[in-house]
Structures are given as C-alpha cells and as structure tokens.
Amino acid sequence: MKKVGILGGTFNPPHIGHLIIANEVLSALSLDSIWFMPNQEPPHKRKAGDVTNEQRVEMLERAIEGHPCFRVESIELERSGPSYTYDTMKLLTERHGDKEFYFIIGADMIEYLPKWHKVDELQNLLTFVGVNRPAYSSETKYDILYVESPMMELSSSLIRKRIGDNQTIRYLIPDSVRLYIEENQLYGS
C-alpha cells in the first residue's frame, strides 16, 4: 500500500510553513506522497478575502511546483457546504483503496479534535500525524503519531495582513506565489 499524507487547510495563501511541515512529515514517516487538500468551507472558520477556490488551487500548484512527491487534491472543492474531514476521508478511502492515509494536523487542531465531526469513526480511516505549533498543547486522548518540525510563527492571516499593510512577504511564501498574488492584485496588493 502507498502511504499518503494529507495536509488540509484553506491555503489562503499557501506559505513556506505549509511546505516545511509537508516535507518534514514526508521524510520522517517515509511517505510516498503528500496531498495538499484545500478546504471548501471549514466548519470551524470563515474563508477570508475575496480569493476564489481556483485562485487558491493555482497558488498551491505554484507553491509545490517541482516537488515530485507533492500534489493538490481538490476533492473538497467538488462539494458544497461545510467540509467535514470524516466525509472527505470516507470518499478518498473509497476512491483510493490502495492507499494508507496519514492526516497531518497542527497542535491547534489536536486541541480541537474532540469537537470534530465523527472523530472516532475517522480514526478508523486514517492515522493522525501531529506537528508542533507554538502556544498550543499536543496532549490528547486520540492516537497520534508526532513529527517534530521546525517551528515558525507564520500563518496565512499574517501574510494577508502584511500584504494589506504593504509590508514585505518575501521568503514567507514561494516567489511564484508572491508573483501570482501581485499579478492578480489579491489581498489588496
């Protein structure tokens, strides 16, 4: 069976922290690939800005360009309404019976796991992989594989704010993504 890591998120925009986490998990667990899965409508937060799903996918494609083990999985964008991980992973395991899935979450989501839709059933479909994140606890009753990753205080909301404040975002996101944001005047650039 191929071992596939799933990294979900809004990726609004994707940044270097996403890429570092994905690469660290890929290497630490000897996975075959990492699938970046943009959310349609995360149940726990609102989508920010006026960026379309197509633009988020394009930014992700540019961010992972050149990495042979990274790809975009847009299954959640095929459906409307809230994106529940259980529903998505049930569909993915049905479509890809030859894959073993590792769902990557930050410590902020580990704290939130008890509130996840059908989290106990979800654990039967995948293995949770937890990565450290500043200012969050990674203690939980759920079975989680932990991977150490370089920690940085970086978020998509910080990048959007910096763009809105006309501050530099160089080295926080891949240059190809930065250029796409500038060309398309996203986030008030």
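Reader: Which residue stands opposite I34 in β3?

Author: F70 does, and it belongs to β3. This is a predicted model, in which local features need pLDDT of at least 70, side-chain atom pairs count only at pLDDT 80 or more, and totals for chains, interfaces and linings use all residues. Residues are numbered from 1 along each chain as its sequence is written, and side-chain values use heavy atoms, leaving out hydrogens and water.

Reader: How do you know that β2 pairs with β3?

Author: Two strands (DSSP runs of E, at least two residues) pair if DSSP finds at least two bridges between them. Strand β2, residues 33–38, has three bridges to β3, so the pair qualifies. The two run parallel.

Reader: What makes β3 and β6 edge strands?

Author: Picture the whole sheet: six strands in the order β3-β2-β1-β4-β5-β6, with parallel pairing. At its ends are β3 (70–72) and β6 (144–147), and each of these pairs on one side only. The sheet is open, and from one strand to the next the twist averages 30°.

Reader: Why is helix α1 said to lie across the sheet strands β1, β2, β3, β4, β5 and β6?

Author: Helices are DSSP runs of H or I, at least four residues, and contact means heavy atoms within 4.5 Å. Helix α1, residues 16–28, lies across β1 (2–9), β2, β3, β4 (99–106), β5 (127–131) and β6. The helix runs at about 145° to β2. Angles go from 0 to 180 degrees between N-to-C directions, so this value is set on that scale. Helix α3, residues 85–95, lies across β1, β2 and β4, at about 155° to β4.

Reader: How confident is the predictor in the protein chain?

Author: The chain averages a pLDDT of 91, where pLDDT is the predictor's confidence in each residue, from 0 to 100. A score of at least 70 is reached by 92% of the residues.

Reader: Which elements have the lowest and the highest mean pLDDT?

Author: Helix α4, residues 107–112, has the lowest mean, 82. The highest, 98, belongs to β3, the strand where F70 faces I34.
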